[in-house]
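Work through these exercises with the model open beside you. Try each task before you read its solution.

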Amino acid sequence: MKLILLGAPGAGKGTQAAVISRELGIPAISTGNILRAAIQEGTPTGMKAKTYMDEGHLVPDEVIIGIIKERLAEPDCAKGFILDGVPRTIAQAEALEAAGIKFDHVVSLEIADATIMERMSGRRVCGGELVTRKDDKPETVKNRLAVYHRETEPLKDFYRERGVLYPVEDMGPVEATSKAILAILRQDG
Ligand code: ADP
């Protein structure tokens, strides 16, 4: 099964991707995680991506397309995968389509910006510790939300036209949202 999790930053894509991955036994692939690992390792891709990420801007499409194609060619993706945080632009979606990848479900996590802002401020002081992610600063979160609405939300129409868009309202508790997502996947899968 090939899936995409769409949703604003802070919508809980990573959390839900982990649950689905465990339930369905397919890998969850996050371009954000791949990029953060590249930064840690100090690779040329990581160095290039860092400036964009710190400001809450999107990393250029050609960088992302290269990363994701390479990752999807690995053997653990043969039976399917969940994409978390990619595609994020129409150009990225078109590149995946041009590579012959057909998605079964694109689950769009629907959540209000105000709820996200509230959650992110909670994340900042988690356990009294300061943020570990520089892009979780309120100004940057606002910027990432604006980028989401401008660049990524049009993907809903893109996948609706292909008959694979499944919006899921955020239910509050993680488990309730997971249950709603899994019900969709099992019903149609
Ligand atoms: P979030 O969904 O909370 O924004 P991610 O870990 O998915 O977190 O992404 C963090 C940052 O990494 C983004 O703000 C962006 O700079 C970069 N990034 C991740 N995935 C992509 C992508 N598909 N296209 C462009 N930039 C990306």
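**Exercise 1. Which residues does Ala180 touch, not counting residues up to four places away in sequence?**

Solution. Start with the place: Ala180 is in helix 9 (residues 174-188). Helices (H or I, at least four residues) and strands (E, at least two) are DSSP runs, numbered from the N terminus. Next, apply the contact rule, heavy atoms within 4.5 Å. With residues up to four places away left out, Ala180 touches Val168 and Met171. Finally, take a C-alpha distance: Ala180 and Glu169 are 11 residues apart along the chain, and their C-alpha atoms are separated by 8.7 Å.

A note on the source: this is a predicted model, where local features need pLDDT of at least 70 and side-chain atom pairs count only at pLDDT 80 or more, while totals for chains, interfaces and linings use all residues. Residues are numbered from 1 along each chain as its sequence is written, and side-chain values use heavy atoms, with hydrogens and water left out.

**Exercise 2. Describe how helix 2 (residues 31-41) and helix 4 (residues 61-72) pack.**

Solution. Two packed helices are described by the angle between their axes and the distance between the axes. Axes are lines fitted to C-alpha atoms, for helices over the stretch in contact, and angles run from 0 to 180 degrees between N-to-C directions. Here the angle is about 100 degrees and the axes are 11 Å apart. Helix 2 is therefore roughly perpendicular to helix 4. The cut-offs are: under 35 degrees roughly parallel, over 145 roughly antiparallel, 65 to 115 roughly perpendicular, the rest oblique. Now list the contact: Thr31, Ile34 and Leu35 come from helix 2, and Ile64, Ile67, Ile68 and Arg71 from helix 4. By class, these divide into 5 nonpolar, 1 polar and 1 charged. Ala, Val, Leu, Ile, Met, Phe, Trp, Tyr, Cys and Pro count as nonpolar, Asp, Glu, Lys and Arg as charged, and the others, Gly among them, as polar.

**Exercise 3. At what angle do helix 5 (residues 90-98) and helix 8 (residues 154-161) pack?**

Solution. The angle is about 30 degrees, with the axes 9 Å apart. So helix 5 is roughly parallel to helix 8. Helix 5 brings Ile90, Ala93, Glu94 and Glu97 to the contact; helix 8 brings Pro154, Leu155, Phe158 and Tyr159. The class count is 6 nonpolar, no polar and 2 charged residues.

**Exercise 4. Which residues come nearest to the ligand?**

Solution. Use the cut-off for "around": a heavy atom within 4 Å. Of the 19 residues around the ligand, Thr31, Arg36, His57, Arg88 and Arg144 come nearest. Next, look at polar contacts, pairs of N or O atoms within 3.5 Å. A polar side-chain atom of Lys13 lies 2.9 Å from a ligand oxygen atom. For Arg144, a polar side-chain atom lies 2.7 Å from an oxygen atom of the ligand. Gly85 uses a backbone N or O atom, 2.9 Å from a ligand nitrogen atom.

Note on methods: A polar contact is a pair of N or O atoms within 3.5 Å; within protein, one must be able to donate a hydrogen and the other to accept it, and residues adjacent in sequence count only if both atoms are side-chain atoms.
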